[in-house]
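Let's take a walk through this model, from a couple of single residues up to the whole fold. Have the structure open in your viewer as you read.

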Amino acid sequence: MTATRQLVERYLQGWNETDPLRRRALIEDVYAEHAAYVDPMIDARGWEAIDATIVAVQGMFPGHVFTLAGEVDAHHDMARFHWHLTKPGADEPLVIGFDVAVLDAGRIRQVHGFLDKVPVAA
């Protein structure tokens with residue numbers, strides 16, 4: 001397993017972690033100090049904002065789990081990967097997306113998130 005794939009798996013582990021102290025430790029280990037996460041709905045900068053974003057997503061989708069959906073494609077200081085957000089036992093993921101991460105010294109400096117499938121609001 002490559003170091004980049006391990007970093008991506010720890011990144012997703014952070015999105016799944018519900019214990020505040022363990023989640024914060026993962027965030028500080030995976031992301032550079034002034035990292036940014038952006039997708040069509042959020043622009044989070046720094047560890048505090050990234051942590052708050054993860055807590056908000058967990059609140060919107062309680063019990064759902066992020067998983068890596070395929071291989072991690074990486075070159076230079078960038079990695080892209082697909083992910084699924086699925087409720088355990090469900091046949092299909094509720095949300096499908098992919099992220100492009102810019103890396104810096106083995107940590108994530110920037111994430112550009114894209115959403116391919118999102119639930120329709122009732």
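Contact here means heavy atoms within 4.5 Å. One caveat before we start: this is a predicted model, where local features need pLDDT of at least 70, side-chain atom pairs count only at pLDDT 80 or more, and totals for chains, interfaces and linings use all residues. Residues are numbered from 1 along each chain as its sequence is written, and side-chain values use heavy atoms, with hydrogens and water left out.

Start with Gln110, which sits in strand 7 (residues 107-117). Helices (H or I, at least four residues) and strands (E, at least two) are DSSP runs, numbered from the N terminus. Once you skip the neighbours within four places in sequence, Gln110 is in contact with Ala36, Val38, Arg45, Val100, Ala101 and Val102. Its relative accessibility is 16%, so Gln110 counts as buried; the cut-offs are under 20% relative accessible area for buried, over 50% for exposed and partly exposed in between, with a 1.4 Å probe and protein chains only.

Now hop over to Thr53, in helix 3. Thr53 is buried too, with a relative accessible area of 10%. Leaving out residues up to four places away in sequence, Thr53 touches Trp15, Ile42 and Ala44.

Two packed helices are described by the angle between their axes and the distance between the axes. Helix 1 (residues 3-16) and helix 3 (residues 47-60) pack at about 60°, with axes 8 Å apart. The axes are lines fitted to C-alpha atoms, for helices over the stretch in contact, and angles run from 0 to 180 degrees between N-to-C directions. Helix 1 and helix 3 are therefore oblique to each other: under 35 degrees counts as roughly parallel, over 145 as roughly antiparallel, 65 to 115 as roughly perpendicular and the rest as oblique. At this contact, Gly14, Trp15 and Asn16 of helix 1 meet Thr53, Ile54, Val57 and Gln58 of helix 3.

Zooming out, the protein has three helices and seven strands, running α-α-β-β-α-β-β-β-β-β from the N terminus on. The C-alpha trace spans about 40 × 30 × 25 Å along its principal axes. Of the contacts with a separation of 6 or more, 45% are between residues 24 or more positions apart. As for burial, 39% of the 122 residues are buried.
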